[in-house]
Amino acid sequence: MSQASRAPAPAMWPLYAAGFTTAFGAHGIAANLGSFSHDAVSSLLVLGGLLALYDGAEVVLKPVFGTLADRIGAKPVLLGGLIAFAAASAVYAVADSPGWLWSARLGQGAAASAFSPSASALVARLNPTAKHGRVFGSYGFYKSIGYTLGPLLGGVLVWSGGLRLLFLVLTLLAAAVAVWTVPAVPAVPPLPKSRQTLLALARRLADRSFLTPTAALAAATAALSVGVGFLPVSGAAAGLGTVATGTAVSVLAASAAAIQPYAGRALDAGRLTTRTGIAVGLALTAAGFLGAMLPGLPGVLTGAVLIGSGTGLITPLGFATLAAATPQERLGQTMGAAELGRELGDAGGPLLVATVATATNLAYGFATLAAILAFGLLALVASRRTTPALQEPT
């Protein structure tokens with residue numbers, strides 16, 4: 001019996017915890033750098049640099065570590081990344097100085113680049129294709145919980161003990177997940193594979209079976225990032241207080257978290273197809289940004305619910321589709337490349353909306369992103385040729 005057919009449930013929990021760790025660490029620190037660390041973050045330029053340092057490391061290194069996971073096995077890369085994340089977090093927890101903060105953030109980004117795609121690859125390798133929707137839905141749920149709790153719990157930790165306390169908690173969290181992983185997650189040996197040229201890799205990544213779900217994931221990540229970053233701005237411009245705008249962001253994250261397990265189960269049960277699910281997700285997300293153009297609290301909450309629901313629908317379907325269409329011996333490489341697409345969406349979405357909003361206003365920024373999402377929806381609907389990217393897992 002193969003490991004995928006056994007798919008021991010206890011083995012999944014450390015992988016879900018790894019997803020939570022990367023999300024909690026990324027958003028927990030990013031949301032609190034500017035507010036509570038004036039000694040280390042002396043200007044907006046410094047803040048932008050610290051934020052870009054983490055994301056930049058992920059953009060460069062995720063495909064590299066994904067390929068390494070295919071070559072030596074995903075579990076060693078997962079463990080190495082978690083241990084490195086704990087060590088990088090400990091750097092600033094022990095040495096409280098601005099210079100070490102830069103080193104810690106770079107180290108955290110590099111480490112997350114290792115264990116994030118490795119965890120995704122293991123989620124796929126340890127489960128049969130027929131369960132990919134369910135397990136990726138659960139994986140996305142716990143990552144969304146990390147995104148939700150990061151700013152909130154991170155703010156409490158920094159308020160009570162300073163930024164070093166948050167880094168200490170991240171040290172202990174990553175170390176605990178690493179220790180948990182050792183006995184709970186089975187070793188999944190690398191599969192034999194033929195030599196792959198750069199041209200063959202380029203062709204595979206340019207195929208619709210990769211591009212369609214990756215583009216959908218990038219669009220969902222861009223929309224989520226814009227919603228988290230700009231819905232509070234829209235609410236503040238309408239005279240809403242920080243409690244109301246903070247609640248809207250929590251509603252967005254909670255909507256994204258809640259829908260992912262249900263979407264994954266519906267995919268596995270055959271009640272939802274990938275084409276339909278991604279199309280509905282794009283439509284909901286585009287409608288969310290149009291709703292966000294309404295004035296006041298109704299617009300902010302409407303946008304939060306629809307954007308969260310749409311992105312939550314797309315995410316597990318996109319990852320399940322990638323896993324189903326990828327040879328198992330190339331899963332790490334594919335997940336790393338897909339994560340790169342998500343990182344580009346994470347950076348590009350806010351940049352696009354900010355650029356349009358600067359030239360006009362925020363409503364036009366929302367409308368521009370809604371139009372791009374609608375264009376993606378139309379392209380998906382108009383596609384007549386069935387590809388592996390849109391076939392159902394079997």
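Which residues do ring pairs link into a cluster?

**Entry 1: ground rules**

I am working with a predicted model, where local features need pLDDT of at least 70, side-chain atom pairs count only at pLDDT 80 or more, and totals for chains, interfaces and linings use all residues. Residues are numbered from 1 along each chain as its sequence is written, and side-chain values use heavy atoms, with hydrogens and water left out.

**Entry 2: the whole protein**

I looked up the secondary structure and found 15 helices and 0 strands. Here helices (H or I, at least four residues) and strands (E, at least two) are DSSP runs, numbered from the N terminus.

Of the 394 residues, 51% are buried. I take buried as under 20% relative accessible area, exposed as over 50% and partly exposed as in between, with a 1.4 Å probe and protein chains only.

The accessible surface comes to about 16000 Å², and carbon and sulfur atoms hold 71% of that. These areas come from the Shrake-Rupley method with a 1.4 Å probe; for residues, only the protein chains shown count as cover.

Then I checked contacts, meaning heavy atoms within 4.5 Å. Among those between residues at least 6 apart in sequence, 85% join residues at least 24 apart.

**Entry 3: the rings**

My search of the whole structure gave 9 aromatic pairs. Rings of Phe, Tyr and Trp (its six-membered ring) pair if their centres lie within 6.5 Å; planes under 30 degrees apart count as stacked, over 60 as edge-to-face and the rest as tilted.

I started with tryptophan 13 and tyrosine 16: their ring centres are 5.6 Å apart and their planes stand at 85°, so this pair is edge-to-face. Both residues lie in helix H2 (residues 9–30), 3 residues apart, about one turn of the helix. Tryptophan 13 is partly exposed, with a relative accessible area of 41%, whereas tyrosine 16 is buried at 8%.

Phenylalanine 141 and tyrosine 142 also make an edge-to-face pair, with 5.0 Å centre to centre and 85° between the planes. I noted phenylalanine 141 as partly exposed at 24% relative accessibility, and tyrosine 142 as partly exposed at 25%.

That settles my opening question: ring pairs link Trp13, Tyr16, Phe141 and Tyr142 into a cluster.

Rolling a probe the size of a water molecule over the atoms shows where empty space is left. On a 1 Å grid over the protein atoms alone, a cavity is a set of points where a 1.4 Å probe fits but cannot get out, and a pocket is an open set with protein on both sides within 12 Å along at least five of seven lines; lining residues have an atom within 4 Å of a point. Grid points are joined across faces, edges and corners, and a volume is the space filled by probe spheres set on the points.

I found 2 cavities of 30 Å³ or more. The largest cavity has a volume of about 150 Å³. Its lining has 17 residues, with Ser144, Leu224, Gln260, Thr315 and Arg342 nearest the centre. Helix H7 (132–161), H10, helix H11 (242–268) and helix H13 (296–325) are the elements that give two or more residues to this lining, and H7 gives the most, with 6 residues.

The second largest cavity holds about 80 Å³. It is lined by 14 residues, and Ala69, Asp70, Ala74, Arg125 and Gln328 are the closest to its centre. Helix H4 (44–72), helix H6 (98–125) and helix H14 (331–359) each supply at least two residues of that lining.

**Entry 4: an open pocket**

Next I looked up the second largest pocket, with a volume of about 380 Å³. It is lined by 16 residues, and Thr212, Ala215, Ala216, Leu282 and Gly376 lie nearest its centre. H10 gives the most to this lining, with 7 residues.

Is serine 225 buried or exposed? I have serine 225 down as buried, with a relative accessible area of 19%. It lies in helix H10 (residues 208–237). Leaving aside neighbours within four places in sequence, serine 225 is in contact with Asp346 and Pro350.

Serine 116 is found in helix H6 and counts as buried at 1% relative accessibility. With neighbours within four places in sequence left aside, serine 116 touches Lys62, Tyr139, Lys143 and Glu339.
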